[in-house]
Amino acid sequence: MSAGLSWRRKAADLVARVCVTACAAIAVAPLVWLLAVVVREGSRALAWRGWFSHSMYAVDSSEVGGGAYHAVAGTLILGAICSLVAVPLGVLTAVYLVEYGQRSRLAAATTFLVDILAGVPSIVATLFVFVLWVLVIGLPTSAFAAAAALVLLMVPLVVRSTEEMLRVVPGDLREASYALGITKARTILRVVLPVARTGIATGVMLALARALGESAPLLVLLPYSSAINFDPFEGNMASLPSFMLDQQLISAQAGVDRMWGAALTLIVMIAVLLALAMLAGGRSRQQKGR
């Protein structure tokens, strides 16, 4: 009887393991296929001389030449503005929800609004910023206006990821800090946030990746420019998503290569930023361990 029961358990365990492995393979296979296609198609443009040092200004898009320097610069500018606004706002909101706002009406309302904002389509956030920035205030479209729309998409992701990381921090660490007479604010700054730093940084990078890959705010609030523009408050500016949209209209092979090259460049940028965030978090843990 026990031998038969043991065989059934092993069979059930084997079936569950096969099903879980198959589901994981099905989930990963499209990502691997996508990365393989992007690397294969985009490597041709990245091999061009001047891809990272030249723009498309005064370049015939139907011919081989030019580069993505203007789009890379614009993407970094948008990312910097989004990070400067969304990261402090999202992290501080999460700190309030976890550390200060337990069972308060303001915390419940904030959580409800964050959940709604997380489900808002990018085009809705874009139209909101367009109406407020252009029609009501009367300011021209610019990179800063596009970044404001991207911030609306980035903040709820930062709040949710930071909130989850703060809740994972053991309560014993907080209690030990309070027992030593350390204030709550200093405990959050010196104990809670450093412990959750790696997870917070990863969540921020994922939120930034989503923001930098959006195209709706760029189409409405930031017209494409083939020239380099470092002013986020005036003039048109390129970014990697808008560069891809512009080049996909070119029927020549050079335009197709640039489109895939811009996609590969964006993926590499996000991967580098994520790796740097994880590396910084790992080094901080090692230093604290010493």
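Guide: Helices are DSSP runs of H or I with at least four residues, and strands are runs of E with at least two, numbered from the N terminus. The model discussed here is predicted.

Visitor: How many helices and strands does the secondary structure of the chain come to?
Guide: From the N terminus on, the elements run α-α-α-α-α-α-α-α-α-α-α. The C-alpha atoms fill a box of roughly 75 × 60 × 40 Å along the principal axes. The count for the chain is 11 helices and 0 strands.

Visitor: What share of the contacts with a separation of 6 or more comes from residues 24 or more positions apart?
Guide: The chain has 290 residues, and buried ones make up 39% of them. Among the contacts in the chain with a separation of 6 or more, residues 24 or more positions apart account for 72%.

Visitor: How far apart are the end C-alpha atoms of helix H4?
Guide: Helix H4 covers residues 122-136, which is 15 residues. The expected span takes 1.5 Å times one less than the number of residues, so H4 should span 21 Å. The value in the model agrees with this, the end C-alpha atoms being apart by 20 Å.

Visitor: Which residues of H4 are buried?
Guide: A residue counts as buried under 20% relative accessible area. The cover over the buried residues of H4 includes helix H5 (143-168) and helix H9 (216-221). The buried residues in H4 are Ser122, Ala125, Thr126, Val129 and Trp133.

Visitor: Where is alanine 58 placed?
Guide: Phi of alanine 58 is near 60°, a positive value in a residue other than glycine. With a relative accessible area of 74%, alanine 58 is exposed. Its place is the loop between helix H1 (2-46) and H2.

Visitor: Is alanine 71 buried or exposed?
Guide: Alanine 71 lies in helix H2. Leaving out residues up to four places away in sequence, alanine 71 touches Ala238, Ser239, Leu240 and Phe243. Its relative accessible area is 0%, so alanine 71 is buried.

Visitor: What distance separates the C-alpha atoms of alanine 71 and threonine 126?
Guide: Threonine 126 is one of the buried residues of H4, and alanine 71 is buried as well. The two are 55 residues apart along the chain, and their C-alpha atoms are separated by 20 Å.

Visitor: Which helices each supply at least two residues of the lining of the largest cavity?
Guide: The count is 1 cavity of 30 Å³ or more, and the largest holds about 30 Å³ of space. Its lining consists of Thr75, Leu78, Leu150, Ala211, Leu212, Glu214, Leu218 and Ser239. By class these are 5 nonpolar, 2 polar and 1 charged residues. The helices that each supply at least two of the lining residues are H2 (69-100) and H8 (197-212).

Visitor: How many disulfides does the count come to?
Guide: A disulfide needs two cysteine sulfur atoms within 2.5 Å. The sulfur of cysteine 23 has its closest cysteine sulfur in cysteine 19, and the 6.6 Å between them is too far for a bond. The count of disulfides is therefore 0.

Visitor: What relative accessible area does cysteine 82 have?
Guide: Cysteine 23 counts as exposed, at 53% relative accessibility. Cysteine 82, in contrast, is buried, with a relative accessible area of 0%.

Key: Residues numbered from 1 in each chain as written. Predicted model: local features only at pLDDT ≥ 70, side-chain atom pairs only at ≥ 80, totals over all residues. Heavy atoms only, no water. Buried < 20%, exposed > 50% of the residue type's maximum accessible area, 1.4 Å probe, protein only. Contact = heavy atoms within 4.5 Å. 1 Å grid on protein atoms, 1.4 Å probe; cavity = no way out; pocket = protein on both sides within 12 Å on 5 of 7 lines; lining within 4 Å. Points joined across faces, edges and corners; volume = space filled by probe spheres on them. Nonpolar A, V, L, I, M, F, W, Y, C, P; charged D, E, K, R; others polar.
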